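Student: Could you take me through the ligand site of this one in some detail? I'd like the cut-offs along with the numbers.

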Amino acid sequence: MSHVPKLRLNDGRSLPQLGLGVWQIPDAEAGCVVREAINAGYRSIDTAAIYANEHGTGEGIRSSGLAREELYVTTKLWNDSHGYDRTLQAFDRSLARLGLDYVDLYLMHWPVPALNLYVDSWKAMLRLRAEGRARSIGVSNFNPRHLQELIEVTGIVPAVNQIELHPRFQQKAVQAFNTRRGIVTESWSPLGQGTSLGNTVIQSIAAKHGRTPAQIILRWHLELGFMVIPKSRQAARLKENLAVFDFALSPGDLLAIGRLDTADGRIGGDPELEA
Ligand code: NAD
């Protein structure tokens, strides 16, 4: 998929700026969806232990016939496996379910501050990176204070922070922290799970460019330098979400979407509370 640009990570590696998210795709369907996405041109897949579809995701990757090194695979450590040893064990289980001998990116799914084990988990992830079984390591749903602590204790800055980010919930303070520390911001629920598709500002920008609202929102993420992982299991939408590299938004479009941020736009969990 040569037309998807790559973002450079702070560890010297790079990742495709757009991939497929497979949350809520049942294990039995994941193989088909992942194969279909790869055939459509996707080269990056985002799964997680908690999605319970690593097995199907691995099957889809193998049955695509594509060489392993052509694909970028991300999975995540779940909250019940924090701590040094448990992180290593959970990673082994993820690799076994995926049927792979390495992942490109391993993310800590949530900081779970109530457990206060995220530094220990991070130290285990550093070991996985040193062993080459997780080529890059990062976090998800980390607020600046959690990131700061990892960096202060270990001296190692996560490559990626995958956070909830869509027009109604833009997390500008977290974005700014990520940028300052050289961390790539990856947007989860980039379409706001569909909540911004009917917005009149998005719709009028879409009409002006002759594009769909989903394409306008994805383009906005890409132009701000974020990595995006929209989810769909429909062939037509998989193609639509990938066809976003042949047009550009104007500075006015970007400003108008920037103004759609709201204080109560969060859809998912709060990193300070999620256990
Ligand atoms: P999303 O913003 O990608 O929206 C997905 C929904 O939008 C789908 O249900 C689909 O019906 C609809 N959709 C997709 N393409 C469309 C199109 N072209 N036109 C109209 N509707 C369309 O939401 P998501 O699935 O929550 O997030 C994407 C991925 O982010 C997940 O699959 C997962 O990989 C990741 N994620 C991570 C976390 C985390 O805590 N790290 C949390 C949630 C999601």
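Tutor: Overall, the protein's secondary structure comes to 10 helices and 10 strands, counted as DSSP runs from the N terminus (H or I, at least four residues, for helices; E, at least two, for strands). It's a predicted model, so local features need pLDDT of at least 70 and side-chain atom pairs pLDDT 80 or more, while totals for chains, interfaces and linings use all residues. Numbering runs from 1 along each chain as its sequence is written, and side-chain values use heavy atoms, with hydrogens and water left out.

Now the site. Around the ligand there are 24 residues, with D46, S140, Q162, S189 and L191 coming nearest; to be near, a residue needs a heavy atom within 4 Å. That shell splits into 11 nonpolar, nine polar and four charged (Ala, Val, Leu, Ile, Met, Phe, Trp, Tyr, Cys and Pro are nonpolar, Asp, Glu, Lys and Arg charged, the others, Gly among them, polar). Helix α9, residues 235-242, gives the most to the shell, with three residues.

For polar contacts, meaning N or O pairs within 3.5 Å, S140 has a side-chain N or O atom 2.9 Å from a ligand nitrogen. A ligand oxygen lies 3.0 Å from a polar backbone atom of W23, and the side chain of Q193 puts an N or O atom 2.9 Å from a ligand oxygen. The protein covers 88% of the 830 Å² of accessible area that the ligand has on its own (Shrake-Rupley, 1.4 Å probe).

Methods:
Polar contact = N/O pair within 3.5 Å; in protein donor to acceptor, adjacent residues only side chain to side chain.
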